[in-house]
Amino acid sequence: MMRALFLSAAALIAVPAAAQDVAITNAKLVIGDGSAPIEGGTVVVRGGKVVAAGAGVAVPAGIERVDAQGRYVTPGIVAAFSRVGLVEVDAVTGTNDRSATRSRFSAGLDIAPALNPMGSPVAVNRAAGVTRAIVAPGSSSNLFAGQGAVVDLADDMDMVTKPRALQYVAFGEDGSAKAGGSRAATFLLFREQLLAARSYARNPATLAEWGNDAMIQRADAEALVRVINGTTPLFVRVDRAADILNVIKLKTEFPALKLVLVGATEGWLVARDIAAAKVPVLVSPLTDLPGSFEQLGATQSNAGRLKAAGVDVSVGVFDDDDAHKMGYTTQYAGNLVGLSKLPGASGLTWDQAFASITSVPARAVGMEATIGSLKAGRVGDLVIWDNDPLELGSRPTAVWIDGKRQSLVTRQDRLRDRYLTPEEGALPKAYDR
Amino acid sequence: MIRGVKGGLLAAVSMALVGCAATGTEAKSAGDKPATAAADKPVKFNKDPYPSTYKGYPTRLTVVRNVTIFDGEGGRIDNGSVVLSSGKVDRIGGPDMELPTDADVYDGTGKFLTPGVIDIHSHLGDYPSPSVDAHSDGNEATSPTTPEVWSEHSVWPQDPGFTRALANGGVTTLEILPGSANLMGGRSVTLKNVPARTMQGMKFPGAPYSLKMACGENPKRVYGAKGRMPSTRMGNLAVNRATWQKAAAYKKKMDEGKAVDRDLAMETLAGVLSGEILVQNHCYRADEMAIVIDMSHEFGYKVAAFHHAVEAYKIADLLKKEGICAAMWADWWGFKMEAYDSVPENIALMFKEGACTIVHSDDANQIQRLNQEASKALAAGRRMGMQISDEQAWTWLAINPAKALGIADKTGSLKPGKMADVVLWNGNPFSVYTRPEKVWIDGALMFDAMDPKRRPVTDFELGQPGEGDVK
């Protein structure tokens, strides 16, 4: 046990094997689609992609075999709404690329070049079993915050799985603050910017004609065109029940909008409307305080009630430290399983809870065919856990991303090892590594 | 500063950054300390002018049996029983213990019984929900030293956060501290987590006061931004030392029986120097804790606990030697520079050293699952090969915070004669799948997950969407 603590520096910088073929056998296999775990399961990854997973799957000759010894093997966790890669230290502004509140651009902002795969939050979240994340910008100077990305948390320099995978906008109180002080201003500004983008799409010269009076820049217009035509999902932060209904109504005028609700604290009050509109929801499920007047109905039963009404509910960790603590995702999902034992409360089954942090967020961002489960054709993101992955303190013992075995050593591990005994020895701690 | 993001946990970050140090108010002049009329002769000032009116609610003779007990001091009884009588723990023991026949009896098969969770670091009531500007009452950020303010005078008892901490977290006692914008933020108050019309109705009878102090980034940032001292860590120390020096002179005058103009700020600090008032010190970095320890020696006071001690693991030996507790998060990190060297094993490494180890929240959401935070810290310790039992880990939520608050003789463990502050959990409280089923405070059943009538609803939530919901 203790031996594992003394990982050498070489282990930290060791480059994972380039091979992208692996088979894990003897697993308690979780596909991630809401189905029950399969005892004695096998998953086979070739060329970085899952080729088969289930019971009785044959292992091709000549590829690396790993015996999971009956442990849980799952797809990597998909952080449903995150800022991982955009922040090293929140309060150190130079390392914080979450928001661009002094930029003249808004919807056109694209976070992809701001991502830092070498940042320590990437490694720490990866060591907690998070292999993919939906990363959204925080805010801009205008209503639309910009374009987020789907990323991987692999130990390499290529972090972007899908750039411009979403556009982000906040309604409610935050939207009001950006739009000029009221919800009326938010909805009008939203509509006018989309209409301007539509005019631009029909005739790019219109933007030049508007000159300095243009309410958006060319880059913003191009990004919003992709929102109007449904190419880019529109993630909308909204909490108050009435605001949720008004946001859903935007589809009347802009029918191709691919809406995804973020937060939806009072979603359970209008769950049937959300379900009828077939709009997926990302919740931070333990939000249960009326933090604002648009969250008066907050309850941990929100996710369970939405799910029961037929809404596609993803579980994320936000309204919190959304860059560093994606490892809370499994804990939050586990809480929903525990919640279902309480009279009057609504939670999720274990299988639903696990899907809500893997395949369901993948579906919300339109990538269920690529990430978030161990069905054939998905990326080879695998985690072997030392225990029930939703249980507190469970940790991955091995992680693969795109079929590549990953380092799980973090800077935190190095600090811990240095101070296992706090007293200095023959030399100062600075020589201890 | 991190306003605009929603919900409470975001406040986590902002709270940690200063407890929301935003101010819009004009700074009062430095010399404008509240002072009452000069006294001609030595007088004894009332040390308890806002006394507790809390008396405990009616109790019933109560037995929980066939239950797994963590006693809060590191002991465990399997298949145990507890008797609660007249607000106190009457006795606790194994299956052979004699039980009264006229009691309310609860079968605890498959369940766990612990002393109530004690959170030594909370801002509930001072930064309540909803977190509107009108409710921002936790930092008197108009002067770097405000020992004259008392956090109890900001507590809004209708904060729904109290009821969530009770129902979801099994929290029975909590300390409400001023924020960390100031070097000396003021007095904190210890509350029983009972709904009440007034702050006094929650106040823990007989608990000593504490002074909240803060090192590091927050005070220097807040006052540096105002163009005044302190703007550096050395400035932090200089202001602290000058203030302690003044307090020492004030105390000397009092001790010599000389007449003094009553100075509420100095009165608090003199109380610290005489040992009546404890010190709870927000301090992240190891090197800064070491400097604070020397300052405490220089002026002759003792730090009860370092809060947010993310680098406690680097000086666990020093903290052990000094007898200072460290109150910690399980895994918060990276939100500010002084939280950059956080490690998930911090809590376990403090425990390994034999030092006083506490898990705290500083957060309206995480206070609802401190058992889960302790569980993560416990798992991190076990992963590195440490032998820590569940019942030992429960001391981090029970007797240790009680010691650091000076109330260990009254609560914090299930010893006969102590307050019957007790939680019955519907499983092992270190499992993510477990929730409080019943919570007794001073022997009165204040929450019952099985009975909607034992679920408190604050005035604020009455008549609102979701009133009385499971939350």
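**Exercise 1. Which residues of H5(B) are buried?**

Solution. The model is predicted: local features need pLDDT of at least 70, side-chain atom pairs count only at pLDDT 80 or more, and totals for chains, interfaces and linings use all residues. Residues are numbered from 1 along each chain as written, with chains lettered from A and ligands numbered from 1 in written order.

Step 1. Apply the burial test: 20 or more other C-beta atoms within 10 Å of the residue's own, with C-beta atoms placed from the backbone. Helices are DSSP runs of H or I, at least four residues, and strands are E runs of at least two, numbered from the N terminus.

Step 2. Ala265(B), Met266(B), Glu267(B), Thr268(B), Leu269(B), Ala270(B), Gly271(B) and Val272(B) pass.

Step 3. Eight of the 10 residues of H5 (264-273) of chain B are buried, so the helix is largely enclosed by the rest of the structure.

Step 4. The cover includes strands S9 (184-192) and S10 (210-214) and helix H4 (233-255) of chain B. Just after H5(B), Gly275(B) takes a positive phi of about 85°.

**Exercise 2. Describe the side of chain B that touches chain A.**

Solution. Step 1. Contact requires C-beta atoms, placed from the backbone, within 7 Å. Chain B supplies 60 residues and chain A 54.

Step 2. Elements giving two or more residues on the chain B side are helices H1 (7-18), H2 (160-167), H7 (316-322) and H9 (370-383) of chain B.

Step 3. That side divides into 32 nonpolar, 16 polar and 12 charged residues. Ala, Val, Leu, Ile, Met, Phe, Trp, Tyr, Cys and Pro count as nonpolar, Asp, Glu, Lys and Arg as charged, the others, Gly among them, as polar.

Terms used: Buried ≥ 20, exposed ≤ 12 C-beta atoms within 10 Å, placed from the backbone. Contact = placed C-beta atoms within 7 Å.
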